[in-house]
Amino acid sequence: LIKSVKLHWPEVEMSKKYILHSTDKALSPSQVCLEKISSSVLKDLFSTGSSNHNILLQTEKEECESSKQSLYKGPKTSVRCVATLGKRNHPSMALKKVHAQDGGGKTTQTNCVLSGTNSSFPKSAWNITVVGSTMGLTPHTVPQLRKMRIPNSLRTKLPSLHKAPITREVENAKKLCILTAIKPSNVEKEKAKFFSSDFSYNPQFEYSNPVSPLVLARHNNASDRFLTQAVHIMELALQRYGSYEKFEQVTGGNLLTKSRIWHNVKKYMEKEGCMGEIVVQVTDDLLSRASMTITNSRPTLTINISTAREHWLEGMLRHEIGTHYFRGINNSHQPWSSSAGRKKHNLKPLNPTEEGLASIHSVLFRKDPTLWRAALLYYTVYQASHMSFSQLFHNLGCFVQDPNTRWDYCVRAKRGQTDTAQPGCFSKDQVYLDGILKILRYRDKINFPLLMALGKVSFEDVDRLKALAQMDNIRIPHFMQDQAKYAEQLTKIMVVNQLTDEKLKTII
């Protein structure tokens, strides 16, 4: 809904008294009149580019930071407003920056983004026009205007992330550094060459900030430990559905629009009680289906719109928010929240437990919790370590027909390489199936709520660390509250993927 609002100011002296000095009074409905404007404005209000769509789910601290003009400069008068998604059933508005004029009687305009917790995105967008006589603003009025923000009762507070902030951001930066650095900068150009060559050309990838060969070498060790299980899981899916594409359509459902993604994300956050804590971005420029990172000290969830399907989206949210985000919050309260703390307590690496647990949560409660993606990633990495890009692409044809899907999996496995005619892989993607199978192997012995509460720790360290844990302000996701139901779902995953305790005990 897009509307234009005209605010009719009273006499000048009344404006100074009641507009500038009553910052915490709400605007009466009788003070506005509405008229339709072009619907094309919606795209400008909610889009930040052709391939990136930002959904603001944060408090007002981060809004309008890019606006650096003086309150006394320039002929324009503008106010930019952004409403945070709080816990009330109505939208709230925060006035962030005001640019005033000194005369002339020109129109004053404001662009606002409003949203509330009781409706789906986009709630409404308003174009506000202030009509009436002008007035000058003197410096002493500025502090009052700058205080026109959301009342404390309507704000959504961020979780406490103050412990060991430097260490966590450094660790996160390292992770982002390699994952960003190994993403080729010429993917689309090389894809065009590859497709025009009838899939025989081996892409020559370029990188804006190449990773050193020594670092790449550490991630070039593929394992075949669970290769048999990976192949068997995919073969079962092909027997049931005939092809991966059919499996994707039947179990995943239709692709979602940006507005439906937002609606579902909002609904999930309400269930987890984390509304307003996370910045959400939707993009089509992501190798994975989603990622949870800390960007500018804010938790940020980025969702790949090209893979966001109706029946899979909540599983992705359980993966990113219910697992990675909540374990990160819980970890910040623990004595091992820093690198020094992890060394002091002799913690094992957080993976494969971290990604294994998150991957289990991705398929939890699905009608068919086939572990296809984890299996295909494991298999692709192993084959990439022995094959060229072109060979790998053709090899995957026995499991995936769609060339675009195969291309994406090959790029993930070959990222970091320059000449993909050579055997080689980025082995990180094997961690998902590795972690899943190890957790399922010991599922009857793992205290899953405690594993969540202790933060970024391996399931092998839980019993040793529980006496040292700080249990105040711990966050446990809603889907883990009923442990009997949770255990039933783990058993269902075992059955559907034809995994047995006997077999797991022999390989783990």
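Me: Is P423 buried, partly exposed or exposed?

Reply: P423 is partly exposed, because its relative accessible area is 45%. Buried means under 20% relative accessible area, exposed means over 50%, and partly exposed is in between, with a 1.4 Å probe and protein chains only. This is a predicted model: local features need pLDDT of at least 70, side-chain atom pairs count only at pLDDT 80 or more, and totals for chains, interfaces and linings use all residues. Residues are numbered from 1 along each chain as its sequence is written, and side-chain values use heavy atoms, with hydrogens and water left out.

Me: Where is P423 found?

Reply: P423 is in the loop between helix 15 and helix 16 (431–441). Helices (H or I, at least four residues) and strands (E, at least two) are DSSP runs, numbered from the N terminus.

Me: What does P423 touch?

Reply: Not counting residues up to four places away in sequence, P423 touches A384, S385, H386, M387, K414 and Q417. Contact means heavy atoms within 4.5 Å. From C-alpha to C-alpha, P423 and S385 are 5.2 Å apart in space, and 38 residues apart in sequence.

Me: How many residues apart in sequence are N220 and P423?

Reply: They are 203 residues apart in sequence, with 9.7 Å between their C-alpha atoms. N220 sits in the loop between helix 6 (213–218) and helix 7 (227–241). N220 counts as partly exposed because its relative accessibility is 34%. Leaving out residues up to four places away in sequence, N220 touches G424, C425 and S427.

Me: New topic. At what angle do helix 5 and helix 15 pack?

Reply: Helix 5 (residues 187–196) and helix 15 (residues 403–414) pack at about 125°, and their axes are 12 Å apart. That makes helix 5 oblique to helix 15. Axes are lines fitted to C-alpha atoms, for helices over the stretch in contact, and angles run from 0 to 180 degrees between N-to-C directions. Under 35 degrees counts as roughly parallel, over 145 as roughly antiparallel, 65 to 115 as roughly perpendicular, and the rest as oblique.

Me: Which residues meet there?

Reply: From helix 5, V187, E190, K191, F194 and F195 meet P403, N404 and W407 of helix 15. The residues of this contact divide into five nonpolar, one polar and two charged. Ala, Val, Leu, Ile, Met, Phe, Trp, Tyr, Cys and Pro count as nonpolar, Asp, Glu, Lys and Arg as charged, and the others, Gly among them, as polar.

Me: And at what angle do helix 7 and helix 8 cross?

Reply: The axes of helix 7 and helix 8 (residues 244–252) cross at roughly 75° and come within 9 Å. Helix 7 and helix 8 are therefore roughly perpendicular to each other. A237, L238 and Y241 in helix 7 meet Y244, K246, F247, V250 and T251 in helix 8. That contact has six nonpolar residues, one polar and one charged.

Me: What joins N351 and P352?

Reply: A cis peptide bond, with omega about 15°. P352 lies in the loop between helix 11 (339–344) and helix 12 (353–363).

Me: What is phi of D198 near?

Reply: Phi of D198 is near 60°, a positive value in a residue other than glycine. Most residues other than glycine have a negative phi, and most peptide bonds are trans. D198 is in the loop between helix 5 and helix 6, and D198 is exposed, with a relative accessible area of 56%.
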